[in-house]
Amino acid sequence: MGTLLRHVLELTEADVSAFFEDIGLGDYRPRFTPIVRAIVARGPMPIRDLAAEVGVTHSAASQTVAQMARQDLVSLKPGRDARQRIVSLTEKTRRLMPTLEAEWAATQAAAEQLEAELPYPLREVLVAAVEALERKSLRDRIAETDAALRIERRPDQG
């Protein structure tokens, strides 16, 4: 299951990245989009809030924000305490917004075309999978199955 999910992600991200190259956004990465969209929607925010907003770990958000800062797509300012950094879009990113918004719309339309070819809407299946894993983790499911199998395999003691 994990191998297939990674492969789908690799295929889709590679194609989106190649399209970015085609339209002159070679340094912009698909993983930047949720960060940019969150800041556009909610305004500047701390990395921790940004991570929660886009559904990734603080570490993942921090790494993505650092990469974006190196490309002058976001700026970082101190927050209320020394540990907090507030992320804002730069003027460079604001200038890119018409291009980015057009790309986002085209990507959404392409994703909808892809889903139309599938027996089940991929987005719905992925949302359902996340919800199921939030109810009970795969780790817990493995442990339960492993415990049940151990009982079944246990040699008779009498």
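**Pockets and core of a predicted chain**

The lining of the largest pocket is made up of 33 nonpolar, 6 polar and 10 charged residues. In that count Ala, Val, Leu, Ile, Met, Phe, Trp, Tyr, Cys and Pro are nonpolar, Asp, Glu, Lys and Arg are charged, and the others, Gly among them, are polar.

Some ground rules. This is a predicted model, where local features need pLDDT of at least 70 and side-chain atom pairs count only at pLDDT 80 or more, while totals for chains, interfaces and linings use all residues. Residues are numbered from 1 along each chain as its sequence is written, and side-chain values use heavy atoms, with hydrogens and water left out.

Back to the pocket. A pocket here is an open set of points on a 1 Å grid over the protein atoms alone, where a 1.4 Å probe fits, with protein on both sides within 12 Å along at least five of seven lines; lining residues have an atom within 4 Å of a point. The largest pocket holds about 2100 Å³, a volume being the space filled by probe spheres set on the points, which are joined across faces, edges and corners. Its lining has 49 residues, and Leu9, Thr12, Glu13, Arg123 and Leu126 lie nearest the centre.

Which element gives the most to that lining? H1 does, with 12 residues. Helices (H or I, at least four residues) and strands (E, at least two) are DSSP runs, numbered from the N terminus.

The second largest pocket has about 220 Å³ of space. Among the residues lining the second largest pocket are Arg48, Asp49, Arg80, Asp81, Arg83 and Arg85. By class, this lining has 2 nonpolar, 2 polar and 6 charged residues, and H3 supplies its largest share, 3 residues.

Now the core. A nonpolar core is a set of buried Ala, Val, Leu, Ile, Met, Phe, Trp, Tyr and Cys residues joined through side-chain atoms within 4.5 Å; buried means under 20% relative accessible area with a 1.4 Å probe, protein chains only. The largest such core has 22 residues, with Tyr28 and Leu50 making the most contacts inside it. H2 contributes the largest share of this core, 4 residues. Leaving aside residues up to four places away in sequence, Tyr28 touches Phe20, Thr33, Val36, Gln71, Leu73, Leu100 and Trp104, a contact being heavy atoms within 4.5 Å.

Last, the whole chain. There are 7 helices and 3 strands, and 24% of the 158 residues count as buried. The C-alpha trace spans about 75 × 45 × 20 Å along its principal axes.

Notes
Buried means under 20% relative accessible area, exposed over 50%, partly exposed in between (1.4 Å probe, protein chains only).
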